[in-house]
Amino acid sequence: MAFLDTDRGRLVVRIVFDGTPLAGKTTTVRSLAESLGTTVESPEEMLGRTIFFDWLEYTGGLWNGHRICCQVLTVPGQSSLGGRRFELLRLADCVVFVFDASTNQLSRSLAAVEELGCVLSTFPAPKPKVLLQLNKRDLPDALPREELLTMLPPDYQDVAETIATGSTGIRDVFVRAVRLALQRAEALQAQGDLPLCRPALQDSAELLASLKAYDEGEGESSAWSVPLEAEAWHFLRALESEADSVSSHSPEPTPEGLPNPPLSKPPLPPSSEVPAGAVWPPARGRTNLQEFSQLPCSMEQKANGDWKAKFGATWVGLSRAQHEFDEFDLGRKHLLELTRLAIQAEDWLSPDRCLILSPASDRTWRLWEVMPQTPPLQSLLVRRLTAPPEVIAAALVQVFRIYQKATTEWPEELLVQRLSPAVAGLSQTKLVYTGYIALPQQDVSAANEKGPAMDQLIELAQAYLQAQGLDLEEALRQLRNLEASETELSARAGELASHLLDRPETTGVAKLHGSLPGEAEGSAATVDTDSGAF
Amino acid sequence: MASEQQITETIGKIEKDLPGFIAASLVDLDSGMTLGVKAKVDSFDLTTASAFNSEMVKQKLKIMEALKLDATLEDMLLTLSDQIHLIKLINPGTFLYLAADRASSNLAIVRNAVNKHADALG
């Protein structure tokens, strides 16, 4: 399964070479290694036969600005090792089926292709892509390609011809396989299932240990086939969607629990008909504008005169009270000023945030900051979790890892609010700021009365763990041990897990919630401390 | 599609015709992966250069699309203080990336050498 390892700025994809015994899987991977100038690891071979797997790692290419790390594996061909083969196939983003094209192996090869189809049909969508590698094309009894194609299932017509012993066509097969693996990564990303973390299996030694544990029945198959971190990521995503749907239906209450009455007539919402030069970024901004301007819009005015617009359940717009202009040129001057600031702060903003100068009435223009609705961390961490403790712990450590990085890099001079779980949301690859961009000499960062940002998150997480009534300590301890042995960043996450475990004081859940910015009695996030239900 | 051996041989012919040849690769546009490489200077990281140049080509194609240009991208020339880089689109899915020493060559020679052999890469 593909992973977007944001810590290391790389996309990890797995290509698994499958096929009948002696079809040329290992020969293919060894030829490929020679071509790429790298080496193959083949743990515990027996008489030259693969009994676990062959492993090759290569980094090259680029996907959406991330380097592509390819983990290339082969399966053992022997039918007695079918269990290992099945588990290795579950890791694949692309399966290259090495098809022995010689006549005397034809029926065996065709049966194996059919079996592969059955195996893959049991996998969840998006399924790994399949490329057929017609190997041994130099043999005198090799069937012609056209004849072979008529015998293959219609789904398996993506074929490449090779002579693995002579390295002919091998690199082409590899590049085509990478392309297919990227298509799967894109499909995973499109449905929000691309894990944004390092893969649990990072080298051949880890894979070998996992396979041996599987063989010996020490660990259940699912313990490594669906790596914990991927599961944690999916879990966070599910929470995010839930928080999104809740927040989209709950208008922000005033202290009295009543909606704010408007102070003036609502402005017109941003229109897709705005003139050239009134949208930033020009191309993406206009595409986004086209999308959200077609959604139902609800407008709400804050006590300070600012306007907040919601477009469906997915976009939100902010506009300051003073950002209404009688003349387009004056508005455009402010738009350019804000654009300069947005470019400086772009690492902390959603890439889909756009600035729009749009007619507010017949005679006036209004400047909007519109962005995708991203639920803040706070709303994620006050919801009840129903996953196993180790998944909750892994999810928390991931949040902490991202947040910890942000505490040292948050550009306070560019963003109106200081970093806190209330203003930072989790959006795919990064932490994003959900408030206004700061205007020079006008906005002063809100005083951080609750102390350092990290403590706020730790307090939230701690209260939240207590409310679950689950025994998370053991899971956190395991994670601490696991993380401490990894990279520097991961080690910091381990420290955070330690912090969660070792923090001496206990914080009352109700008290904590009462003191959080944006939390109020009667809101959706109030806590019943007896039952632990939100 | 040319085999890796054919690609390497073709790049070898370009090298022969081009004074100041530094390195060249045939690159898959979608992934940025190299299909064949040849470098005269070991320190020239063709894998990285190819990957990032694939992004540049993709961006240029997006620009053309945004401008609604009914044209085909043939090549891209980049002039550095001491090197010339040429990106030649071979077909919609692959391009040749070549770097040459500016002191020993010029744009015309580079373009001529590449165009002479580019068909063999298609």
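Trainee: How many residue pairs are in polar contact between chain B and chain A?
Mentor: Five residue pairs, with both partners at pLDDT 80 or more. A polar contact is a pair of N or O atoms within 3.5 Å; within protein, one must be able to donate a hydrogen and the other to accept it, and residues adjacent in sequence count only if both atoms are side-chain atoms.

Trainee: Which parts of chain B supply at least two residues each to the side that touches chain A?
Mentor: Strand 2 (34-39) and helix 2 (46-66) of chain B do. Helix 2 of chain B gives the most, with six residues. Helices (H or I, at least four residues) and strands (E, at least two) are DSSP runs, numbered from the N terminus.

Trainee: Before I go on, what kind of model is this?
Mentor: This is a predicted model, where local features need pLDDT of at least 70 and side-chain atom pairs count only at pLDDT 80 or more, while totals for chains, interfaces and linings use all residues; side-chain values use heavy atoms, with hydrogens and water left out. Residues are numbered from 1 along each chain as its sequence is written, and chains are lettered from A and ligands numbered from 1 in the order in which they are written.

Trainee: Back to the interface: how many salt bridges does the rule find across it?
Mentor: Two between chain B and chain A. A salt bridge is a side-chain nitrogen of Lys or Arg within 4 Å of a carboxyl oxygen of Asp or Glu. One case is Arg171(A) with Glu4(B), whose closest N and O atoms are 3.4 Å apart.

Trainee: And how many residues take part in the contact on each side?
Mentor: Chain B brings 17 residues and chain A brings 18, where contact means heavy atoms within 4.5 Å. In chain B, Glu4(B), Ser31(B) and Met33(B) lose the most area to chain A, together 37% of what that side buries. Buried area here is the accessible area (1.4 Å probe) that two parts lose on being put together, summed over both.

Trainee: Changing topic, where does Thr162(A) sit?
Mentor: Thr162(A) is in the loop between strand 7 (159-161) and helix 5 (170-190) of chain A.

Trainee: Is Thr162(A) buried or exposed?
Mentor: Its relative accessibility is 1%, so Thr162(A) counts as buried. Buried means under 20% relative accessible area, exposed over 50%, and partly exposed in between (1.4 Å probe, protein chains only). The side chains of Thr162(A) and Asn135(A) are joined by a polar contact of 2.9 Å.

Trainee: What about salt bridges over all chains, how many are there?
Mentor: A search of the whole structure finds 21. Among them, Arg85(A) pairs with Glu115(A) at 2.7 Å, N to O. Arg85(A) is in helix 2 (residues 82-89) and Glu115(A) in helix 3 (residues 106-121) of chain A, so the pair ties together parts 30 residues apart in sequence.

Trainee: Which residues are linked in a network of salt bridges?
Mentor: Asp5(A), Arg8(A) and Arg10(A) are. Within it, the side chains of Asp5(A) and Arg10(A) meet at 3.4 Å, N to O, and both of these residues are buried.

Trainee: Last one: how many helices and strands does chain A have?
Mentor: Chain A has 16 helices and 16 strands, and 53% of its 534 residues count as buried.
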